[in-house]
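Please open the model in your viewer and keep the selection tool at hand, as this tour goes from one selection to the next and says what is there at each stop.

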Amino acid sequence: MRLLIKNIKELLQVRENNIDSVCGAEMAVLPKIDNAFLVIENNLIADFGTMSDCPDDKFDNIIDASGKTVLPTWVDSHTHIVYAGNREQEFVDRINGLSYEEIANRGGGILNSAKKLNATSEEEIYNQSKVRLEEVMQQGTGAVEIKSGYGLTVEGELKMLRVIKKLAENYPIKIKATFLGAHAFPTEYKENHEAYIDLIINEMLPKIADEKLADYIDAFLETGYFSVEETERIMEAGKQFGLTAKIHVNQFTAINGIAACVKHDALSVDHLEIVTDADIEVLKGSKTMPVALPSCSYFISIPYTPARQMISAGLPLALASDFNPGTTPSGNMNFVVATACIKMKMTPEEAINAATINGAYAMGIAATHGSITKGKSANLIITKPLTSYYQLPYAFGSNLIDQVIIEGQLI
Ligand SMILES: N=CN[C@@H](CCC(=O)O)C(=O)O
Ligand SMILES: [Zn+2]
């Protein structure tokens, strides 16, 4: 199967030689080819260049992209797409003045979702989750990380991870699974953290490893959730089972968690709404990707990750959606990119780099996704006709996507 896309007004994120991420001042550079073509063969990017070099041999399908922009699909490296029901009532409670913390302290929040998940069959959770997955694919997401963390019991966590596995088998989109048993302490373990962490390490992890259900391990390292020491135990145990850490940290408070994550070679540290100078220092020169989740900041009215400060310090930054029922009931990466520009003062180039190549790094798939590079998976967004790619974040809220190609398939 050979497909040609021709007359592309702007082909974005072109990397002749693959890179695995961009940091600091490099983030402002988004290489592009004007008036371009691109060839897909066997679901991979086989060739691209300017129209003057466009091949005129036989193709199975030709798309004329006159006036349109083509870019890699978004790589969403942090989601909780698999869940049961919703938390609409908590949304209204917040409008009426309660904070996220107050709602959680009343037994709402993560424990509310856990109650719903444990009362729902695997089949029903799959059916609810696939609707969200199909929606984000239409919105231009071509690779997605999905976490467990709403089970908080051996069976519940396994159920979630099996749903993620089934989604990965049934859809062309690249999916990575992350085990987040350490998302919150179930009520019965509130006074006995040790026992729940033992359950995670001695019961959940061996079963998950046995069924090969997870690629990564996560924990909610936060005041009132998992302490630095508790998260270190989780990261160490994960490593024993071959799971690299990707950690929720610095969402509400800075308690030196980032240093612990870097020490344990975490692939990413995610949220970072509250960041200290010491956190920035420790990330410098590390291999850990900071990941910002601006839709979460927007939805629950908390600070935005200080992108300017971090990029000025020479750090890389990735953007992800955090799609979940509590803090971010949206997986729309177009909104994420626009919000990063509008609220975090990232330039369109920085935001697109953060949502493509740096997202791929944070998912461990930069060798195959995140840029227009020969041999990479054919994962492409074809926009509607645009004045320029600036329109993507500028006209926030408009659907500017015409077609999406995921792993070579038009969806
Ligand atoms: N902060 C921790 N976990 C999720 C939200 C969990 C929830 O409220 O359901 C997040 O990334 O925002
Ligand atoms: Zn999250």
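Begin by selecting ligand 1 together with the residues around it, which are Gly 109, Ile 110, Ser 113, Phe 220, His 248, Gln 251, Cys 296, Asp 322, Asn 324, Pro 325, Gly 326 and Thr 327; a residue is included here if its C-beta atom, placed from the backbone, lies within 6 Å of the molecule. This shell divides into four nonpolar, seven polar and one charged residue, where Ala, Val, Leu, Ile, Met, Phe, Trp, Tyr, Cys and Pro count as nonpolar, Asp, Glu, Lys and Arg as charged, and the others, Gly among them, as polar.

Before you go on, note that this is a predicted model, in which local features need pLDDT of at least 70 and side-chain atom pairs count only at pLDDT 80 or more, while totals for chains, interfaces and linings use all residues. Residues are numbered from 1 along each chain as its sequence is written, and chains are lettered from A and ligands numbered from 1 in the order in which they are written.

Next, select His 78, His 80, His 248 and Asp 322, which the UniProt annotation "binding site", from an unreviewed entry, covers; such annotations may be inferred rather than shown by experiment. These residues span 245 residues in sequence, yet no two of their C-alpha atoms are more than 12.1 Å apart, so they gather at one spot.

Now centre the view on His 78, in the loop between β6 and α1 (88-95); helices (H or I, at least four residues) and strands (E, at least two) are DSSP runs, numbered from the N terminus. Is His 78 buried or exposed? His 78 is buried, with 30 other C-beta atoms within 10 Å, since the term buried asks for 20 or more such atoms within 10 Å, exposed for 12 or fewer, and partly exposed lies in between. Leaving aside neighbours within four places in sequence, His 78 is in contact (C-beta atoms, placed from the backbone, within 7 Å) with Glu 145, Asp 270, Val 291, Leu 293, Ala 320 and Asp 322.

From there, move to Asp 322, which sits in the loop between β13 and α12 (333-344) and counts as buried, with 28 C-beta neighbours inside 10 Å. Beyond its neighbours within four places in sequence, the contacts of Asp 322 include His 78, Thr 79, Leu 293 and Cys 296.

Then select helix α3 (residues 110-118), whose buried residues are Ile 110, Asn 112, Ser 113, Ala 114 and Leu 117. These buried residues pack against α2 (100-105), α4 (122-138) and α5 (154-170).

Switch to a cartoon view to follow the open sheet, in which eight strands are arranged in the order β6-β7-β8-β9-β10-β11-β12-β13 with parallel pairing; two strands pair if DSSP finds at least two bridges between them. The edge strands, each pairing on one side only, are β6 (74-76) and β13 (318-319). Within this sheet, five bridges join β7 (residues 141-147) to β8, and three bridges join β8 (residues 174-182) to β9 (residues 216-221). Select Phe 179 to find its bridge partner in β9, Ile 217. Eight of the nine residues of β8 are buried, so this strand is largely enclosed by the rest of the structure.

Finally, colour the protein by its domain assignment, which gives domain 1 (2-72 + 371-410) and domain 2 (75-363). The contact takes 27 residues from domain 1 and 31 residues from domain 2.

Notes. Two residues are in contact if their C-beta atoms, placed from the backbone, lie within 7 Å. Domain bounds come from an automatic or database domain assignment.
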